[in-house]
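Please study the sequence and the model shown here, and then work through the exercises.

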Amino acid sequence: MNIFRKIKFLVTGSRLRFGLGIIKNPGIITSIRRIDGRYTKSSAINIFWFLTRALWRFPGIFDYQPDPSLHGVSELTYMILSLEERLKKAKRDGAKIVAKWPANPTDLYFGCGVIALDPFFAGYCRILADGTSDIAKRGRAMLSEDACPAQAAAYSIISEETFPLDFFYPFIGPWCYDSQYCFEALRHKVDGDYGDHPVFDYKEDEKPSFDYMVGEIKRFIAKMEEFTGSKFDLESLRREFVIENELREALREITGFAMLDPPPINSLDLVLCIFISSDWLGDPEAALQVLTRIRDGVRARAQAGQKAQNITDKPLRLLITGIAWGDLGLYNMVDEIGGQIIGSECVLNLYYEDIDTTGDPVRTIAKRFMTTPYALPAKERAKWTVKNIQRLKKVDGVIFNCNFGCNYQTAEARMVTDTIKRETGIPCLITDTDLPQENRGQMRTRLEAFLELIRQA
Ligand code: SF4
């Protein structure tokens, strides 16, 4: 980024607001234990210093409006922006980093002693930090012009070695059928393997498929043992379930508070919290400290009847299905025009319920894979979404978003939204997004019209 662009970013309103926010509230930044690759401490002063320098180093994220006056948001911003550095340090300290597909449960990876990385989310983090989509454009030039932005960015960050990666081992199921091409194309940089996830006969009592899935999990475990040189321990996996259940619970509580009137958390801060569930930013224990702090901050605001920054009175509550918007600016936009995002189905997959800690952990994780809502056949997935909307009760509208280049979501969009409309009567809007910051004007017009339609319904 050239010097003029940096100066321009430095003086934009939201950057100043964020900078002043953290300077005004340095006391609310706390230390995060065992972060930085799980081996060293990150003190409050280090985080404060990192974020102060970030105003210069990572101009992109301050184009958006995270709210640093909410407890934990500064630490979350720090974790997002420091992901690359922390992973590099972890690798230098001997950790192994293994790529997964977003909907694959993280428990299995961390429980096998490796760091899970969702390269698609990491690619987005990089776009956000840079403030330009250049890495996605370079990824498309190398991979395919019609790769979705997440895959294009993931391809760049791994092939250009911006993020370290030792191995890829996603489980391939009835979801994204493009990402394996991205992983295969990365073989010039990194080796990998795939778990095979049966598409049909997904219930536990449908033995052949379930046993096959258990076999695939065991094959993964054997590979991780070979890779790390450490014997797999069932108790480690069980311990991971316990930590990640706490994370899942914190997220469910935060999303529960978001439904209150007035909402104590805005759309952007909420989605930043839930996005990180795809790999807990490489460090579940640190993520737990951060999310617990945000949960407590949101609860305190709720008890005081305090509304989040940037949100209107009585906003219309919108649920995103399909692929969540990768352009964070759209979440600020929704708040400005009288809406509020109260959840995103694609990440909800990862925390919608706890994992049972009592049974055989290998069978438990196999069941989790096979019942992940996104992994269900399309009709079942639509039914699950309907049930989820009915459970939430307060949904005013549903947005189904498709990323450019994503055949999987595009194919399901109409069927899922028709089912939602038929079963719940709630208005639905199908949106298409591509690179962050593109077509915001057009999206604003569509969203304003959609909110108007809901108000008149
Ligand atoms: S947006 Fe679609 S194509 Fe891209 S990674 Fe997600 S599911 Fe795959």
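The model is predicted: local features need pLDDT of at least 70, side-chain atom pairs count only at pLDDT 80 or more, and totals for chains, interfaces and linings use all residues. Numbering of residues starts from 1 along each chain as its sequence is written.

**Exercise 1.** State in what order the three strands of the open sheet stand.

*Solution.* Strands are DSSP runs (E, at least two residues), numbered from the N terminus, as are helices (H or I, at least four). Two strands pair if DSSP finds at least two bridges between them. The order is β4-β3-β5, with parallel pairing. Because β4 (115–117) and β5 (167–168) each have a single partner strand, they stand at the edges, and one side of each lacks a neighbour in the sheet. Strand β3 (residues 97–99) is joined to β5 by two bridges. Ala99 lies opposite Phe168 in β5.

**Exercise 2.** Identify the residues that come nearest to the ligand.

*Solution.* A residue counts as near if its C-beta atom, placed from the backbone, lies within 6 Å. Of the 13 residues around the ligand, the nearest are Cys148, Cys176, Asp178, Asn403 and Cys406. Helices α9 (149–159) and α19 (407–424) each give two or more residues to this shell.

**Exercise 3.** Determine which residues of helix α8 (residues 134–142) are buried.

*Solution.* A residue is buried if 20 or more other C-beta atoms lie within 10 Å of its own. In α8, these are Ile135, Ala136, Gly139 and Arg140. Seen down the axis, they fall within an arc of 140 degrees (taken from the directions from the helix axis to the C-beta atoms), so they line one face of α8. They pack against α7 (119–130) and α9, contact meaning C-beta atoms within 7 Å.

Notes
A residue is buried if 20 or more other C-beta atoms lie within 10 Å of its own, exposed if 12 or fewer, and partly exposed in between; C-beta atoms are placed from the backbone. Two residues are in contact if their C-beta atoms, placed from the backbone, lie within 7 Å.
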